[in-house]
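Hi everyone, thanks for coming. I'd like to walk you through one model today, a few residues at a time. Have a look at it first, and then we'll start.

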Amino acid sequence: PEQQPATFAASDYPDDEIGQLVRQLDRFSLRLYHFIQRESYFSADVSHELRTPISVILGAAEVLAEIPDTP
């Protein structure tokens, strides 16, 4: 299960400057949470996409290293 970000309940704060500040901080916190989530997904995708060709190259290099007299 995916973890949900912690948020403040808007109803817990009055509709004054403090309440507005809490709601703005809550929105900013959600933006940061979603940014970090997207960054994590991107890093996982990039890692996977790079790992596959590097594994193929490494395997071919190991085979070539074991064959004597290969130019």
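Let me begin with one cut-off: a residue counts as buried under 20% relative accessible area, as exposed over 50%, and as partly exposed in between. Please also keep in mind that this is a predicted model.

With that in hand, take Arg23. Its relative accessible area is 22%, so Arg23 is partly exposed. And which residue does the side chain of Arg23 meet in a salt bridge? The partner is Asp15, with 3.1 Å from N to O. Asp15 itself is exposed, because its relative accessible area is 68%. The count of salt bridges comes to 1, where the rule asks for a side-chain nitrogen of Lys or Arg within 4 Å of a carboxyl oxygen of Asp or Glu.

Now let's turn to Asp26, which lies in helix α1. Asp26 is buried, and yet it has no salt bridge. How far away is the nearest side chain of opposite charge? That side chain belongs to Arg27, and it is 7.6 Å away. What does Asp26 touch, then, once we set aside neighbours within four places in sequence? Asp26 is in contact with Ala6, Thr7 and Phe8.

Leu30 also has its place in helix α1. Leaving out residues up to four places away in sequence, Leu30 touches Pro5 and Thr7. Its C-alpha is 8.4 Å from that of Ala6, although 24 residues separate Leu30 and Ala6 in sequence. Is Leu30 buried or partly exposed? With a relative accessible area of 26%, Leu30 is partly exposed.

Ile54 is exposed, since its relative accessible area is 53%. Together with Phe42, Val46 and Leu50, Ile54 forms a nonpolar patch on the surface. The four residues have about 380 Å² of accessible area together.

My last stop is Glu62. Helix α1, which covers residues 17-66, holds Glu62. The relative accessible area of Glu62 is 46%, so this residue is partly exposed. Glu62 and Ser47 are 15 residues apart in sequence, and their C-alpha atoms are 22 Å apart in space.

Notes
Residues are numbered from 1 along each chain as its sequence is written. This is a predicted model: local features need pLDDT of at least 70, side-chain atom pairs count only at pLDDT 80 or more; totals for chains, interfaces and linings use all residues. Side-chain values use heavy atoms; hydrogens and water are left out. Helices (H or I, at least four residues) and strands (E, at least two) are DSSP runs, numbered from the N terminus. Buried means under 20% relative accessible area, exposed over 50%, partly exposed in between (1.4 Å probe, protein chains only). Patches are made of residues with over 30% relative accessible area and no salt bridge: like charges are joined within 9 Å, nonpolar side chains (Val, Leu, Ile, Met, Phe, Trp, Tyr) within 5 Å. Accessible areas come from the Shrake-Rupley method with a 1.4 Å probe; for residues, only the protein chains shown count as cover. Lys and Arg count as positive and Asp and Glu as negative; His and the chain ends are not counted. Contact means heavy atoms within 4.5 Å.
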